[in-house]
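Here are a few notes to read alongside the model. Please keep the structure open as you go through them.

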Amino acid sequence: MKKCLICKNNFEPFISFGMMPIANGFLPSEKFDEEYFFELQAGFCSSCKTVQLVNQPKREMMFHDNYAFFSSTSKGMANHFRLLAENTMKKYLAQNDNNFVVEIGCNDGILLKHFAKAGINHIGVEPSLNVALEANKNGVNTISEFFDENVAKKIIDKYGNADLILAANVMCHIPYIHSVMAGIKKLLKPKGVFIFEDPYLGDIVEKTSYDQIYDEHVFYFSITSVNNLLKYYDLEIIDIFHQKVHGGSMRYLVSHKGKRNISDSVIKQIRKEEEIGLNLLQTYDNLRKRIEKSRDQLIKILKDINEKGKRVVGYAATSKSTTVINYCGINKNLLEYICDTTPIKQGLFTPGAHIPVKPYSEFLNNYPDYALLFAWNHFDEIWTKEHNYNKIGKWVLYVPEVKII
Ligand code: SAH
Ligand code: TMP
Ligand code: ZN
């Protein structure tokens, strides 16, 4: 029995993935003995309809001055955020120079740099110092803190209220969400807009993309659950836009209640969520059964490949891969190494299973027979990039189902 982080009612987990390390905790061999583990479990609160983690490691264990995820490593994401910046500037910022934009979790400045380049007053709040420094290099002003109500007050005192608040793939990371929402409520100007996006629960259920479930993601939002959260603050969703990124995300446009028109798409999507059963516990019991089946099929494929004496390597040491590797029991005997383009991951080992992470050049210089695609959410980008490999090698995929192509 656990208390819901949103509505404080009790809920039970619907799945346990067993003991898990920190998803982005890539480590050198000297640190294997000190590795931290916790039980990764997810549950559904029937009262406010929020899917959430049961336990989450302390925030400083995940977000620190050596955070391994740099947003700008993906060209697709860079393009996605450029378009968001361009559209938002046109639609929501007045044609004067008094605009003020705040981004929560700006990482290396992938989104906010476009506002900075346009000469707009802005501040990015980013607790992981190494990525915040990268944002500074990109011309973005940052403060290296965890956003909450107190930080919001400090921003208001120093810079005033915000016309626009942005938050991509970060609201779902923050268990003290009530303090964050209280801060946003105070910080947002009366006619201001708060835009955030996160992986969408509807996609996770539809695609059985259980690898979205890892330590950093404490919430798996739907329109219904976000609405229930916003009600505490007299805020409301005025529009939504489904996004392809991160395997299916939802962008929520939020304003103070009654200040802007609500689009029909919000009402339609709430109905759709009811139809597909996102508000029913049974849906999550069924999801667990599909996850277990996916795990068994993936392990079988890897064992078969190995028995045939063929080589298989992992493609991209994503945060999501930590759940798959450790839950399915993938080890060094089944997967030779994982290649990744992020310099700070290379030469280290994956969390938990301790599979070596090697530079992308290893893959290019000696193609394997099979590549297990952990960055399946970047499929289009990678498929295009790997046209030479595609002629001779095969891909193992596990979302939306386990298959070889
Ligand atoms: N917005 C980027 C980064 C997402 S990763 C993108 O979409 O690619 C999540 C980021 O949120 C990390 O950089 C992490 O350091 C940051 N973060 C975690 N907790 C936070 C908090 N309370 N306030 C602000 N940022 C936070
Ligand atoms: P993400 O799935 O959380 O965005 O993580 C992306 C990770 O995948 C990051 O470590 C970089 C890596 N990656 C590659 O190694 N090659 C690629 O072509 C892409 C798109 C990502
Ligand atoms: Zn609840």
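Which residue of β13 does Ile237 stand opposite? The reply comes under point 2.

1. Some ground rules come before the details. This is a predicted model, in which local features need pLDDT of at least 70 and side-chain atom pairs count only at pLDDT 80 or more, while totals for chains, interfaces and linings use all residues. Residues are numbered from 1 along each chain as its sequence is written, chains are lettered from A and ligands numbered from 1 in the order in which they are written, and side-chain values use heavy atoms, with hydrogens and water left out. Helices (H or I, at least four residues) and strands (E, at least two) are DSSP runs, numbered from the N terminus.

2. Ile237 stands opposite Val254 in β13. The two strands β12 and β13 are antiparallel, with eight bridges between them; strands count as paired if DSSP finds at least two bridges between them. Both belong to an open, mixed sheet of seven strands, ordered β8-β7-β6-β9-β10-β13-β12. Its edge strands are β8 (142-143) and β12, each pairing on one side only.

3. Do look at β9 (residues 162-168) in that sheet. Seven of its seven residues are buried, so β9 is largely enclosed by the rest of the structure; buried means under 20% relative accessible area, exposed over 50%, and partly exposed in between (1.4 Å probe, protein chains only). β9 runs parallel to β6 (residues 100-104), joined by four bridges, and Ala167 of β9 is the bridge partner of Ile104. With β10 (residues 188-199), β9 pairs in the parallel sense over six bridges, and there Ala162 has Leu188 as its bridge partner.

4. The other sheet to check is open and antiparallel, with four strands in the order β3-β4-β5-β11. Its edges are β3 (13-20) and β11 (219-220), each with a single partner strand, so one side of each is left without a neighbour in the sheet. Strands β4 (residues 38-44) and β5 (residues 51-53) are joined by three bridges, and Phe44 stands opposite Val51 in β5.

5. Helix α9 (residues 264-275) has 12 residues and spans 17 Å from first C-alpha to last, close to the 16 Å expected at 1.5 Å a residue (1.5 Å times one less than the number of residues). Val266, Gln269 and Glu273 are buried in α9. Seen down the axis, the buried residues of α9 fall within an arc of 65°, so they line one face of the helix; the arc is taken from the directions from the helix axis to the C-beta atoms. Covering these buried residues are elements including α8 (223-230), β12 (235-243) and β13 (249-256). On the other side, Asp264, Lys268, Glu274 and Glu275 are exposed. Just after α9, Gly277 has a positive phi of about 80°.

6. Lys345 deserves a look, in the loop between β15 (338-340) and β16 (357-359). Lys345 is buried yet has no salt bridge, and the nearest side chain of opposite charge, Asp340, is 4.3 Å away. Here a salt bridge is a side-chain nitrogen of Lys or Arg within 4 Å of a carboxyl oxygen of Asp or Glu; Lys and Arg count as positive, Asp and Glu as negative, and His and the chain ends are not counted. Beyond four places in sequence, the contacts of Lys345 (heavy atoms within 4.5 Å) include Asn24, Phe26, Ala68 and Asp340.

7. His354 is in the loop between β15 and β16 too. His354 is buried, with a relative accessible area of 12%. Among its contacts beyond four places in sequence are Leu27, Phe32 and Glu35.
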